[in-house]
Amino acid sequence: MLAHVPVAIGVQLLCWVIARALGAPTRASVWTGCFAGSAVCIMREITQREYQWIEQFGAGRRANMPGYAGLEVWQWNSHSLTETAVAIAASVALAAAVTFGRAR
C-alpha cells in the first residue's frame, strides 16, 4: 500500500548525499532531496492517471489525450492520493527532523 514511501525517502537520501558531496549545506541538501523524492511520486501518479485516461477515453491512443488529463487530481483514486500524500509527508518529516534536529 505504501510503496511510494521507500522510493521517496531513497531519492531524498540519494540527493542529500550527492549534494553534500558537492559541498551544499545540509539544510539545502535535505530539502532539495525532499522536493525530488516528492516530485518522483507525484509524477508517477500523473503518469498512471494518463494511462487510465487513455484506456477509458482515448481509444488506446496517447494522441487523443488532452495535455492536462494527468493533472486532474480530483480524478485520482483514493489509493493514489493516499500513497502520494504519505510519501510527501514522510519526506517532509525526514527533512524537518534533520533540519530542526541539527539546530539544537
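## Exercises on a predicted helical model

Helix H2 has 32 residues and reaches 46 Å from its first C-alpha to its last, close to the 46 Å expected at 1.5 Å a residue. The expected span is 1.5 Å times one less than the number of residues, and helices are DSSP runs of H or I with at least four residues, numbered from the N terminus. This is a predicted model, in which local features need pLDDT of at least 70 and side-chain atom pairs count only at pLDDT 80 or more, while totals for chains, interfaces and linings use all residues. Residues are numbered from 1 along each chain as its sequence is written, and side-chain values use heavy atoms, with hydrogens and water left out.

### Exercise 1: the faces of H1

Work out where the buried residues of helix H1 sit around its axis.

*Solution.* Step one is the helix itself: H1 covers residues 4–21, has 18 residues and reaches 26 Å from its first C-alpha to its last, close to the 26 Å expected at 1.5 Å a residue.

Step two is to list the buried residues. Buried means under 20% relative accessible area, exposed over 50%, and partly exposed in between, with a 1.4 Å probe and protein chains only. In H1, the buried residues are His4, Val5, Ala8, Ile9, Gln12 and Ala19. Now look down the axis: the buried residues of H1 fall within an arc of 125 degrees, so they line one face of the helix. The arc is taken from the directions that run from the helix axis to the C-beta atoms.

Step three is the face turned away from the buried side, which carries the exposed residues Pro6, Leu14, Val17 and Ala21. Take proline 6 from that list: its relative accessibility is 55%. Its C-alpha atom is separated by 9.5 Å from that of glycine 37, 31 residues apart along the chain.

### Exercise 2: an aromatic pair

Find the aromatic pair and describe its geometry.

*Solution.* Start with the rule: rings of Phe, Tyr and Trp (its six-membered ring) pair if their centres lie within 6.5 Å; planes under 30 degrees apart count as stacked, over 60 as edge-to-face and the rest as tilted. A search of the whole structure finds one aromatic pair. Tryptophan 53 and phenylalanine 57 form this pair, with 5.6 Å centre to centre and 55 degrees between the planes, which makes it tilted.

### Exercise 3: charged side chains

How many salt bridges does the structure hold, and what is the nearest side chain of opposite charge to arginine 49?

*Solution.* A salt bridge is a side-chain nitrogen of Lys or Arg within 4 Å of a carboxyl oxygen of Asp or Glu. The structure holds two.

One of them joins glutamate 45 and arginine 44, with the closest N and O atoms 3.3 Å apart. Glutamate 45 is buried at 4% relative accessibility, while arginine 44 is partly exposed at 42%.

Another joins arginine 62 and glutamate 50, with the closest N and O atoms 3.8 Å apart. Arginine 62 lies in the loop between H2 and helix H3 (78–103) and glutamate 50 in helix H2, so the pair ties together parts that are 12 residues apart in sequence. Here arginine 62 is partly exposed at 44%, and glutamate 50 is buried at 16%.

Now turn to arginine 49, which lies in helix H2. Arginine 49 is buried yet has no salt bridge, and its nearest side chain of opposite charge, glutamate 72, is 4.9 Å away. For this count, Lys and Arg are positive and Asp and Glu negative, with His and the chain ends not counted. Leaving aside neighbours within four places in sequence, arginine 49 is in contact (heavy atoms within 4.5 Å) with residues including Gln56, Phe57 and Trp76.

### Exercise 4: positive phi angles

Which residue just after H2 takes a positive phi?

*Solution.* Begin with the background: most residues other than glycine have a negative phi. Just after H2, alanine 59 takes a positive phi of about 55 degrees. Alanine 59 is found in the loop between H2 and H3, and it is exposed at 68% relative accessible area. Just after H1, glycine 23 takes a positive phi of about 95 degrees.

Notes
Helices (H or I, at least four residues) and strands (E, at least two) are DSSP runs, numbered from the N terminus.
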